[in-house]
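These are my notebook entries on a structure that I had not examined before. I set down what I looked up, entry by entry.

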Amino acid sequence: MNLTGLTITQAHQGLRKKQFSALELCQACLNKIKEKDRAIHAFLTVNEKSALAQAKKVDSLLAGGKKLPLLAGIPVAIKDNILVEGVKCTAASKILADYVAPYNATVIEKLKKQEAVILGKTNLDEFAMGSSTENSAFGPTRNPHDLSRVPGGSSGGSAAAVASEMAFYALGSDTGGSIRLPASFCGVAGLKPTYGAVSRYGLIAFASSLDQIGPLAKTAEDAQLVFEAIAGEDALDSTSIAPKSKARNIKIKGLRAGIPKEYFVKGIDKNIEKTIKEAIGKYEKMGVKIVEVSLPHTDYALSAYYIINPSEASANLARYDGIKYGYSDRQGKDLMDVYLNSRGKGFGAEVKRRIMLGTYTLSSGYYEAYYLKAQKVRTKVIEDFKKAFKKVDVILTPTSPSLPFKVGEKVNNPLSMYLTDVYTVSVNLVGLPALSLPVGKVGKLPVGLQIIGQPFEEYKILELGKIYEY
Amino acid sequence: MIKKEEVKHIAKLARLGLNEKETATYQKELSLILGYIEKLKKVKLTGVETTSHPFQVENVTRRDEGRPSKQKLLSLAPETKAGFVKVKSILK
């Protein structure tokens, strides 16, 4: 049996029926990592010892006849901007290269309560800033489907780990597409939950009005299981919200899906357009009603996003000062030198670019022209979606306008890298849940369909994802 | 194109020590990105409210208790003295 190819449900049932042990599951993943990760570089840290010890613990619980939670003994990979107590958490930055997390993120506490087996920490664009995982201070991750190409970003390590069966599922974070884009590029399911649905306590803050933690998994069903395990209000995250509705059965027949006309214009790869339209056609055959909708501010959403995101980032990253923790250059003559040199040498090029951009758009004289205007455009984008959701239940779009690009192709052109996020950023500006579902391939490169839902209606978009898979 | 002096001023506000080469690169790149963002000028926004947070949320509150121990956090600091984080002198 190919253990690493199993879904979470299959692995859980196998454990309960004693078809294999948690130790065997863990060992199978560790073997895959040894076999494949030298070429892919999905992991920054592998905790072989603690993973094996946890797997043995699950086996002894099983032997004792205990009924175990769904995620018990299932190996998981964690994006390296989510804190796991006692384990290094680098955010793929030199400035946190030796930082050991002093506490667990809430999502980690929840996984540990379920007796999950944490394999290690996955690569990302430094501080999650990027769309290709090339901005890591520790070297890029490569796409398992074509090693000359990027896995997408910023949760590229998490997506590549799941796609190459080095982990059963992974956690990522999504600020403007960082779960959905790599899910699309690597051919796995990636869910960006509703803003506030999952606690962000212990997630290294990037752009706080946009950030959200979510799962990357082999299937929509697995993504749902993980989402349900990590969701919920948390006293330690004041923006977290208790779910307003419980999952319920939905009727696919008669469900209305909107296709935004602004998403199928110039700039989209013809082969992607074809694959997405075929996927939409399949839903139509299942009885889903396809309706054209309009999101007129689509073109402006990306500009607003690239003001709001760096502005918030520049404020959040002020904490890396070479004083409290992290990389510190203390050679200068005074405190100012410590700041300038620690930050100047500790941060990579893209992080500095965004801090500069954000500081500029927030600075006196430019605040009204940029930041304030972007916040108003955000209101318009929200109105667009509200209007569309009066006519439809979900919205279907491509996740990305382009196929996975070559490593190095866009690193020297930040603007063209930003344009990769054109279909994903609006979802974060509005706070909506969205799933990227693998629906086909162009050659050997996967294509993802983005299914966008209304706030706290994850169950609806996940149900659509699951039905496609059957 | 934004001025070089402006890039240096922003870098100082952001507490980023940049060398000459970086300053020149960011001057070029920031100008390009800001040029792209300019398209926002075309949107009619009179009377539109700002959004800083996607939803109306209520505060989540908790007891104000220290979580990780002070000792643990201090051990992460590059330099400490007598239970405090040490910095270089501020007053001249």
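I call a residue buried if 20 or more other C-beta atoms lie within 10 Å of its own, exposed if 12 or fewer do, and partly exposed in between, with C-beta atoms placed from the backbone. I take helices (H or I, at least four residues) and strands (E, at least two) as DSSP runs, numbered from the N terminus. The model is a predicted one, in which local features need pLDDT of at least 70 and side-chain atom pairs count only at pLDDT 80 or more, while totals for chains, interfaces and linings use all residues. Residues are numbered from 1 along each chain as its sequence is written, and chains are lettered from A and ligands numbered from 1 in the order in which they are written.

Entry 1: chain B by itself.
I find three helices and two strands in chain B, in the order α-α-α-β-β from the N terminus. Its C-alpha atoms fill a box of roughly 55 × 45 × 25 Å along the principal axes. I looked up the radius of gyration, taken over C-alpha atoms, with 2.2 Å times the number of residues to the power 0.38 as the globule rule. Chain B has 22 Å, whereas a compact globule of 92 residues would have a value near 12 Å. Of these 92 residues, 15% count as buried.

Entry 2: helix α1 of chain B.
Which residues of α1(B) are buried? I list B:Val7, B:Ile10 and B:Ala11. They lie on the same side of α1(B), because they cover an arc of only 100° around the axis; the arc is that of the directions from the helix axis to the C-beta atoms. These buried residues pack against α11 (349–362) of chain A together with α2 of chain B. After α1(B) comes B:Arg15, with a positive phi near 55°.

Entry 3: where the chains meet.
I count two residues as in contact if their C-beta atoms, placed from the backbone, lie within 7 Å. On this basis 43 residues of chain B are in contact with 58 residues of chain A. Two or more residues each come from α1 (4–13), α2 (20–37) and α3 (70–74) of chain B. The largest share of this side of chain B, seven residues, belongs to α2(B).

Entry 4: helix α12 of chain A.
Helix α12 (residues 368–391) of chain A has 24 residues and reaches 34 Å from its first C-alpha to its last. This is close to the 34 Å expected at 1.5 Å a residue, the expected span being 1.5 Å times one less than the number of residues. Its buried residues include A:Tyr370, A:Val381 and A:Phe389. Among the elements covering the buried residues of α12(A) are α9 and α11 of chain A and α2 of chain B.

A:Leu44 lies in strand β1 (residues 43–46) of chain A and is buried, with 24 other C-beta atoms within 10 Å. I find 9.1 Å between the C-alpha atoms of A:Leu44 and A:Leu124, 80 residues apart along the chain.
Most residues other than glycine have a negative phi, and most peptide bonds are trans. A:Phe127 has a positive phi, near 55°, and lies in the loop between β3 and α5 of chain A. A:Ser154 lies in the loop between β3 (117–122) and α5 (156–163), and a cis peptide bond, with omega about 10°, joins A:Gly153 to A:Ser154.
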